[in-house]
Each structure stands twice: as structure tokens, then as C-alpha cells.
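Hi there,

Here is the structure I promised to pass on. Have a look at it, and then read my notes below.

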Amino acid sequence: MNKENDYLEFDEEDFLNTYGDKIKQYIKTNLSSNFIKNNIFEFDIEDFLSNYPEICEINDIIIENPTKVEGAIFYIFKEAYMELFGEDNKIKKELEKIQIAFKRPLGCEKKIDEISSSDINKLVKFEGNIIKAAKVCALLKKACFVCRNCGNIQYKTIHNYFTFPKMLCNNKNCGAEMSLDLDSSTYINIQELEIQQPIDLMKNPDDPPRSIRVFLENSEGIYSGRVDVVGTVMKKFTKPNMPVFEIYVKSNRIKLNESFQKIEVRDIINNYDLMETLNELGKKKNIVDILSQYLIPQIKGYELVKKAIFLQQIKGCTKFLPDGSQLRKDSHILLITDPGIGKSTMLRRIARLYPQNAYASVTTATGGGLTANVVRESTEIGDGWVVKPGVFVRANEGTACIDELTVDRNVMKFILEAMESQTIHVNKGGINVKLPAKCAVLAACNPKRGRFDPNLGVIEQINVPTPLLSRFDLIFPLKDLPDRKRDEEIAEHILNTHIETATKDYNILGSVEIDGINVDENLIKNYIIYSRTCAYLENNHSLFMGEVDETKLKNPYLTKSAKKLIKNYYVNMRKLGEGDNPIPVTARQLEAAIRISEMHAKARLSKKVEEKDAKVAVDIIEECLNQVAYDPETGKYDIGKAMGQLPKSKVDKMDKMIDIIRELSALSDNGLASEEDIIEKASEYNISDKEAEDLLEKLKKSAEIYSPKFGYYKVS
Ligand SMILES: [Zn+2]
């Protein structure tokens, strides 16, 4: 060992003499207010130091010798516990199950790719995404040894899993090899995980991300999410007789970072200047217009579509039903884009906005890759079955950007389940868990026939089953209309993108100036996080400082005037559908309107949802209906058309055709109606020759009529 580090060489007796009393006092104070959860006593280093700043070197001692200090603190813990609660045999036995976990060590933060052999046997703290999780097994933690020779009993805590525990009798005159008493030993849960460095913590996001194997002691079973890990770096021989090691981490404290975005919120709250700037931005008129334009620069026009995508990032309000289930706060959006619009670039851009956003293309992703896979792989412990969370799970609390939605119909049932329940249920290989997938979906596809045709229903143009289509709040076709100015801009943009890709400069968004405030990519990210969660700070401040309980979050509320506007819109649209008319909207659009109004209110940092928010929501929905549900033949909205049924006007015409065929065949000698007569008769009802031919074709396909003789028809 290095001379300078000599003071860090660990001497347990010395440690107990120097720090024992203070640690015992600290544990006692904590035991009276905290209870032990899951057999773990969390030793909060940062909190301890704030009580005893004069012995701050203890932090370094722990980092250098975590396993040994753990043993010493466990010894102090047992004494403290028994002094408080007595020392009968039952307590003594229960105490043996307790483990000390270090929480909030200072100065040992690492990135996964920085953990190296120099960290072996030291404490490290890092952040990562669970990419693989095996099932929970039992670990022999405190081995009970019995001496067959003299009857002596000894306990040994297992720190290294890769050598089977052995012990020699410590009885002076004995020294025999002891045998393990499995029944009297203590066991804890253990789970093997693989944790990967998040892209936002990589120097170059295009490098393959590194991962590390973690053994989590006392695990209740964790299968997905971004986590904070505090653990000891350990080594394992890769081959016998070769002094080469594999590095892994042993931890008894992994904290699910569902709060990942909340940590960012905390960063904002702790930065007064930043918060001022964000508040200032929120006051600007048209802030939503400016920021949505800024976020998606490569698409010209389509202002409402861009606004919808920007608002999707902000998310609606968190609301719980009386039974505790949560209402969906996400708006799912489908873009049907003509080739040349640059949908993939746009989706990737949105995916890169936040670490919890994810991108996948259905051309390469499987159903399991999108949701979750349970596969058999080589693991150190367990039977090899592991869960690998997919894109929707990785995008929990973010946005899943799904490209080329329509290329593989097989994966659509997976997507449907994810969008519907926002959870992924896996049940295979003895692993039965529900993984959270609370994400917004931003999907894109090309129309079947190359270009979007406003005269046809959406479902005729893309290969998406109706149930899946109806999960989207908003469907927008993005048409590639020739426009010289726009073409020039796109050419410019594509050229720039190539330069950026070549130079690895991903700050493609550049910056925009709003009344003296320079908005760049970083600021817009902060603005979205801020408006998503902490614009109502006065009400929620204390929540964000501690652990966040979502059920207690206060949200902007719907004002009377906003409610009235949405209600009127809905009622008026429904009225259009009375009698013979097509149904223009359903309750789904109503829910979508409320969600989008909330997003818009949050986007301008308002504490209430006002009439103007509702107005934007209605505008966005109307834009969507205009594009996909407007039937140009009748000048009416028809949600049935959007969702795959034929427009009402067309259905009426088909009915008329059937009447004509029925009538003509009744009048003819052979009981059949000739095509010539049908078309002539149809023209009396303003059905053109061409259309009549089309309709005959459609009716024949749907088997409503048949043709027993060429050029003649009969109703089935
Ligand atoms: Zn013995």
C-alpha cells in the first residue's frame, strides 16, 4: 500500500475506540425515529457528517474499507440496539439478519466506464439503467459453523460469493475444520443485475455504452428503471490458475431513480438564477409557439402539429381515481408522413431530448424489444432466466419514439398493450412482474401508397388495426407539398445535418433569442422539466425536497370558462352527428382535449387551465379532425372515417347501389342487373360512372353483391 494512504489502513480496534461512541449515539437517535426496513439499517454518511463535522475523515475511511467498516458498524449497531430494546435470544437472532447499508457517501461518484481495478474493495457510487435482471435467489449471508470435534459454534459473514465458506475452529486446543450448519445459518435475498451507463453520462453518445454486473443483496426484486447504486467493487477470477479478474459490484443499496426527472427538478430549484430565467420565459407571450417552433425546426409549417409534440413532452396532470389507479397523463401522437419530411430525424431529436426518452424503429425492433424480453443467458447465480426491459419500459416517464410503425403488423399487439395499460406484464421462466411503462408515444409511418390522400380514410392508407389507431389522441398527416422556399430550407437543413453528423456536433438546435433571453437546447430542456413538474412550486416545494409522493402533487385546475369551452365544443360536435349524420367525435377526443388544455396551461407556467388553454386544445384536435376525419364529399366530420370505417356519404351511396341492383334484377328476365343499366341508373342519383364502377368493385369485395355472369350482378 502507498505510504500516504497508511492512515487509511483499517484497524478495527482503533476505529471503535475513536468513533465508536459517536456512531453509537447516532444510531440510537436514528433507531428511535426510523424503523429498519427490509432488514437494512441505512447509515446515512452525509447526515452523520452534518452531526459530527469534526470527524469528517470517516467518509474516506468508509470509502477505502467499506467491508471492514460495515463489520465494525454492525458490531456497534448490535450494542446500540440491545441497549435500547434489551437482549433476549429472539432479538439476538433477529439482529443477525440486519445489514448495514451506506447511503450518500461523498466523493466516490463514478461513471460506469470509470470503475476500474484501482477501485477494487472500495466503495463507489454510480448511476445507470437496468438492462438485465435475474430472479431473486437466496444467499447464505451469515454462515453458522459447528465444530464436530469440540462443539464450538462460530458465525461468518459472507462477502465473497465465489469461494465456498470455510472455517477452522478457534478453540485453542482444537483448530479442526468446522462444518457448515445450513439450518442455523441466516439467508437474505440476492439478485443479479446488469446496469448500463446512461447515454447522457457518456462522453460520446455514439460509443457503445459500458455496463457492469451488480449483485444486489436484500433485493425485493427490481427489473427496470434508472437507479442509483452504492456498492463495493469486488473481483472474481476469470479462470482458475490465472491472476486475471473480472470486476463486479456488490451492493445492498440500490435506489430506483423513478425520481430521475425529480432530481433534475431539484437541480432547478437549487439554482435560483435559472429558476428566475424560466419564470421570466413563462411570462412571454406566445412562449408555446416560439418554443415548439424551436424544438422542431426541420418541419416548416404545421404549427399546430409542432405545438402538439412540444406539449406532449410537458405531459398532462397527474390524477388518481378513488381506487388509486392513475389516469393517463400522456397524449399519444401518430404522424403519417410523406417521404422526404424527415420523420426519423425528428423522432431521433425528440428521443435525445431526455435520457428517459427512447427511439426504436419497427424495421429492426421486435415486439419483445419494444416491451420486454425474458430470455435465458449465462448468469453467475440463478437458473439463467433474465428480464430485459424494452423501449417502452426504458421510456417510463418519458416519450417512446416509434419509427416505421406500420412495417411489421406482428409487433402491433405489443404496442397496443403498452399504450393501453402503460405497463408491461411479463410472465415467463418463473419471473412474473409488471414493469412500468408510463410513456407518451410519438409514432410515425409512411402512407401505404407513398403519399397521403385526404380523400381516403386513414386506415385504408396505413396498415394499423383500428384498436391501435384509436389509442392515438392525435393523428396528423404531414404532406410533402412542393414549395420552393421550403425546399431550399430543407436542403439547407439536410446539408447541415450531414455536417453535424460528420463533426459529431449534436447541438443542432442552435439558439433563439426571446427578448434578451438566449434559449438553447439546455434551457428548453430545463423549461420543459420545470413546466412539467415544478411550476406550482409554492404548493409542492416541500414535496420536491424530500421523497416525492405523486398522489399529493398539486396541479393546475380547470377553470369554469375552460370547462365551458371544451364542453360546448364537444356538445356541438356531437350534435352534428345526430340523426343520419356521421359521428364527428367521441369521448376519447373529449379526454384528449382536457389533457392538452392542461399541458398548455403547464407550458405557460399557469396555476390554472384557462379558456385560452382550452382554445388551443380544441384548435389542435380540430386540426387533426380536419386532416383525417373531414369528409370532403359532405363537408362534415366523420370520426368513423378516421378510424377506418368508410365515410357516411360513401356508405349512403353503397346502400343506394344495392337498392338499384335489387330493383333492376327484380325487373329483369334472368334476375340479374346489367352493369350498363346499374351505371345509368346510378347517374340519376349523382353517382358518376367512375364512382359507380368503384362502388361495384367494393361491394363485390365485401361480398354484398356477386357476379354470376360477366357484366351482371345480383344482391347476395
Ligand atoms: Zn473445535
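Which residue in β28 is the bridge partner of Ser-674? It is Tyr-712. Before going on, please note that this is a predicted model, where local features need pLDDT of at least 70 and side-chain atom pairs count only at pLDDT 80 or more, while totals for chains, interfaces and linings use all residues. Residues are numbered from 1 along each chain as its sequence is written, and side-chain values use heavy atoms, leaving out hydrogens and water.

**The three-stranded sheet**

Strands here are DSSP runs (E, at least two residues), numbered from the N terminus, and two of them pair if DSSP finds at least two bridges between them. The open sheet has the order β26-β28-β27, with antiparallel pairing. β26 (673-674) and β27 (705-709) stand at the edges with a single partner strand each, so one side of each has no neighbour in the sheet. Two bridges join β26 to β28 (residues 712-715).

**A covered strand**

In β15 (residues 399-403), five of five residues are buried, meaning under 20% relative accessible area (1.4 Å probe, protein chains only). Thr-399, Cys-401 and Asp-403 lie on one side, Ala-400 and Ile-402 on the other. In general, side chains in a regular strand alternate between the two faces of the sheet.

β15 runs parallel to β12 (residues 358-361), joined by four bridges, and Asp-403 is the bridge partner of Ser-361. β15 also pairs in the parallel sense with β18 (residues 440-445) over four bridges; there, Thr-399 has Ala-440 as its bridge partner.

Enjoy exploring!

Methods:
Buried < 20%, exposed > 50% of the residue type's maximum accessible area, 1.4 Å probe, protein only.
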